[in-house]
Amino acid sequence: VMADVLTLAKACGVDAGDAIGLRGKLALNAAVSRRGASMAKRDFAAARLMFQECLAIMRELSDRDGIAIALHSLGSSEREQGNFAAAGAHYAESLAILRELGHRARIAYSLVELASVASDHGEHVLAARLWGAAERLREELGMPPRSSDSVFVTCITAARVTFGDGAAFDRAWQDGRALAMEQAIDLARAWACGVGGEAAVRSIA
């Protein structure tokens, strides 16, 4: 495992000596995330392979935080390639770990990503609920609104238009804002684990 860590550290520009300790693992996580984001713009398949390798290493190291980061990044890579089922599964597993670790800010990000995957699947009402839940959680944590994020706004606007019933979409958004964080996590994971949108909603009622 250590040989793999050192190899990955070198590829990501992390000093090999630093990669052995805890600080090195955290630096490695950050470097992998940055490197992967850059790679994904050029070669999604290469990015996916890198994240798979990173995930395997983090699992062997029992680094829960690193596992969550790698899973989230792998989910994003799969979504970019149109592998929505795989993306949802990776995001859902990452979300479960983030709940275990109590990383509420990153839970908010994960809810947004799972909402986007749900929208990709045509589950626009479910997506609106999850986006609403994430919005409320961000507000509770004092995080800035994402209204200035053009990609995010475009995604939501497209989902609302595609769904075709703006009033119902807005009601679903408000329903999501009324969910407790734990309910939102359960809703997102129930859907990602193969439960249909409305059935997932009923499962947490």
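The questions and answers below concern a predicted model.

Q: What distance separates the end C-alpha atoms of helix H7 (residues 124-140)?
A: Helix H7 has 17 residues, and at 1.5 Å a residue these should span 24 Å. The separation of the end C-alpha atoms agrees with that expectation. The distance is 24 Å.

Q: How many of the 17 residues of H7 are buried?
A: Buried here means under 20% relative accessible area. H7 is largely enclosed by the rest of the structure, because the number of its residues that are buried is 13.

Q: Which residues does leucine 111 touch, not counting residues up to four places away in sequence?
A: With residues up to four places away in sequence left out, leucine 111 touches Leu95, Leu130, Ala134, Leu137, Ala184, Ile185 and Ala188.

Q: Is H8 parallel, antiparallel, perpendicular or oblique to H9?
A: The axes of H8 and H9 lie 8 Å apart, at an angle of about 130 degrees. The contact is made by Ile156, Ala159, Arg160 and Phe163 of H8 and Gly166, Ala168, Phe169, Asp170 and Trp173 of H9. An angle of 65 to 115 degrees would count as roughly perpendicular and one over 145 as roughly antiparallel. H8 is therefore, relative to H9, oblique.

Technical notes. Residues are numbered from 1 along each chain as its sequence is written. This is a predicted model: local features need pLDDT of at least 70, side-chain atom pairs count only at pLDDT 80 or more; totals for chains, interfaces and linings use all residues. Side-chain values use heavy atoms; hydrogens and water are left out. Helices (H or I, at least four residues) and strands (E, at least two) are DSSP runs, numbered from the N terminus. The expected span of a helix is 1.5 Å times one less than its number of residues. Buried means under 20% relative accessible area, exposed over 50%, partly exposed in between (1.4 Å probe, protein chains only). Contact means heavy atoms within 4.5 Å. Axes are lines fitted to C-alpha atoms, for helices over the stretch in contact, and angles run from 0 to 180 degrees between N-to-C directions. Angles under 35 degrees count as roughly parallel, over 145 as roughly antiparallel, 65 to 115 as roughly perpendicular and the rest as oblique.
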